[in-house]
Amino acid sequence: MAVGGTATKLHLSSAARRPSLLHLAVVAVLCSVSYLLGIWHHGGFSAPPSVGAGPGGASVSIATAVSCATPAPTVSSSAPLDFAAHHTAEGMEAEAAPARREYEACPAKYSEYTPCEDVERSLRFPRDRLIYRERHCPSEGERLRCLVPAPKGYRNPFQWPASRDVAWFANVPHKELTVEKAVQNWIRVDGDKFRFPGGGTMFPHGAGAYISDIGKLIPLHDGSIRTALDTGCGVASWGAYLLSRNILAMSFAPRDSHEAQVQFALERGVPAMIGVLASNRLTYPARSFDMAHCSRCLIPWQLYDGLYLIEVDRILRPGGYWILSGPPINWKKHWKGWDRTKEDLNAEQQAIEAVAKSLCWKKIKEVGDIAIWQKPTNHVHCKASRKVIKSPPFCSNKNPDAAWYDKMEACITPLPEVSDIKEVAGGELKKWPERLTAVPPRIASGSIEGVTEEMFVQDTKLWKKRVGHYKSVIAQFGQKGRYRNLLDMNAKFGGFAAALVNDPVWVMNMVPTVGNSTTLGVIYERGLIGSYQDWCEGMSTYPRTYDLIHADSVFTLYKDRCEMDAILLEMDRILRPEGTVIIRDDVDLLVKIKSIADGMRWNSQIVDHEDGPLVREKLLLVVKTYWTIGDKKQ
């Protein structure tokens with residue numbers, strides 16, 4: 001009876017299941033039909049395009065989109081991803097990207113436009129002490145809202161290291177320096193090219209031989225000197241020839257009668273900016289440079305209570321060197337050629353010597369045409385000497401690193417306190433290349449609020465990973481010689497530049513003034529170079545300066561501070577034709593940026609974050625198209 005009961009239950013259970021199986025079969029058939037209809041509705045059953053092909057099967061050269069099916073990067077050949085929010089909370093509307101606007105080309109006269117060093121606008125300002133050659137940016141109503149054109153016949157610059165010695169004439173069509181400096185061997189025209197023999201006013205045997213002479217007086221070869229400043233740089237041959245010695249120079253000169261000297265430097269692939277010693281501090285933090293240099297730079301060091309030499313003292317590291325060649329050094333030999341009297345030159349040298357002594361500098365050597373002074377490693381003795389030497393006094397209550405439109409003052413910037421006479425103020429740096437990855441003293445000492453040693457180490461690792469990702473999605477990034485001049489618009493600790501140190505490139509590390517600008521001092525302590533910058537204004541450089549621009553969270557930082565297209569137009573001005581831009585930001589901002597970029601003759605593509613598609617931060621990869629003055633599009 002028990003067995004029969006069990007059998008009956010099993011029989012009943014089996015019968016009860018039959019309707020369920022039938023229902024499942026019906027559902028399966030309906031799902032299959034729906035799936036097939038869906039495929040037919042969205043394009044039929046055509047074969048998918050081949051991987052690595054763009055429209056028409058052409059290879060996509062800018063980047064490879066991140067695939068979610070495999071870790072290997074592949075090119076996305078489908079329609080652009082739609083990042084707009086289609087399903088919003090009730091009563092809320094998704095914020096749409098701005099309507100596309102086509103930006104016109106500026107007139108040909110603006111092909112070398114520098115907005116904050118505009119020659120015409122500068123004439124409104126005092127000529128005293130060259131104040132008119134400082135930064136004077138246009139008002140909102142004066143800003144250009146057009147694309148700065150490249151000159152007719154523009155060609156991609158020569159690859160480094162060939163670019164050090166040769167450039168295309170069409171790219172910088174100016175012969176003034178070839179005439180004015182013909183005897184000094186700065187530059188000469190050779191058919192459709194410029195040649196840079198490496199000469200200079202005070203180094204007739206070439207910059208290489210001149211640097212070797214300096215190397216006999218101070219240690220240029222042991223890694224203790226890494227960052228240098230060249231004031232009144234000419235075409236930057238001094239900085240160009242230092243690169244082979246692993247010394248990175250920031251060269252600057254005003255936009256003046258020596259037309260395009262900084263532009264020539266950048267065309268050669270050498271770091272340089274437009275700048276002048278006038279009334280504002282140079283745009284670098286205190287204790288930045290291991291060495292500063294002036295070779296007949298025509299700066300009146302002895303005037304205005306030694307104000308300009310006091311500024312050099314501010315930006316020199318403890319123990320740093322100042323090198324002077326040209327008038328008045330070795331005046332007994334050169335006074336006739338300089339067309340000045342012995343008395344005048346002797347008085348100038350004595351005045352410079354007095355200023356240097358008042359800053360507690362020690363004169364190391366004067367050999368031939370070169371004189372070198374050294375800044376003390378701390379201010380223990382110097383502060384004691386103020387009891388006797390009253391001028392200049394030490395500055396009080398002024399941020400030593402503040403240098404964005406901050407006025408120079410005739411007072412000594414005090415070095416950080418030390419506990420021992422032999423201690424290096426602010427901390428001793430490792431020699432290059434160890435200093436690149438060592439924890440910088442400013443961080444180790446806790447002087448940068450909210451930044452720890454662990455944060456610095458993690459940031460260095462993070463940027464190695466990110467740069468590796470960039471190279472995987474931008475094929476050209478890994479090609480030697482494709483890029484030379486790079487700009488990081490929001491450099492933080494310089495991690496992007498540090499990750500590229502073994503590539504044949506240099507990076508200008510800009511630290512926005514609206515963020516934590518104290519990190520620029522860290523960048524210099526790592527042996528890298530950069531400057532302060534407000535991206536609501538133009539940068540102090542010529543058009544077509546950079547091969548690649550990197551913008552990490554720049555548009556988030558400047559949201560509601562200035563118009564997005566103003567920043568993008570400035571990026572376009574300083575980017576070379578066929579140059580690359582990497583914009584890393586929140587996806588909502590990138591959609592808006594892309595809508596503007598598409599009207600600027602940029603080809604762009606949004607790709608995923610290195611950690612995958614679920615991260616809101618994305619990358620906008622851009623290539624600027626090639627066009628010049630006179631193209632039909634203009």
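Predicted model: local features only at pLDDT ≥ 70, side-chain atom pairs only at ≥ 80, totals over all residues.

Is A236 buried or exposed? A236 is buried, with a relative accessible area of 0%. I then checked its backbone: phi of A236 is near 65°, a positive value in a residue that is not glycine. I found A236 in the loop between β4 (227–231) and α5.

Next I noted the general rule: most residues other than glycine have a negative phi, and most peptide bonds are trans.

I placed R296 in the loop between β7 and α7 (307–315). Its relative accessible area is 31%, which makes R296 partly exposed.

Then I turned to the peptide bonds. W160 and P161 are joined by a cis bond, with omega about 10°. P161 sits in the loop between α2 (119–122) and β1 (166–168). I logged another cis bond between W432 and P433, where omega is about 10°. P433 belongs to the loop between α10 (380–385) and α11 (434–437).

Which residues of α4 are buried? They are A207, Y210, I211 and I214. These lie on the same side of α4, because they cover an arc of only 95° around the axis. I jotted down the helix rule beside this: an α-helix has 3.6 residues a turn, so residues three or four places apart point the same way. I also looked up what covers the buried residues of α4, and found, among others, α5 (237–242), β7 (289–295), β8 (316–325) and β10 (370–374).

Definitions and conventions
Residues numbered from 1 in each chain as written. Heavy atoms only, no water. Buried < 20%, exposed > 50% of the residue type's maximum accessible area, 1.4 Å probe, protein only. Helix = DSSP H or I, 4+ residues; strand = E, 2+ residues; numbered from the N terminus. Arc of directions from axis to C-beta. Contact = heavy atoms within 4.5 Å.
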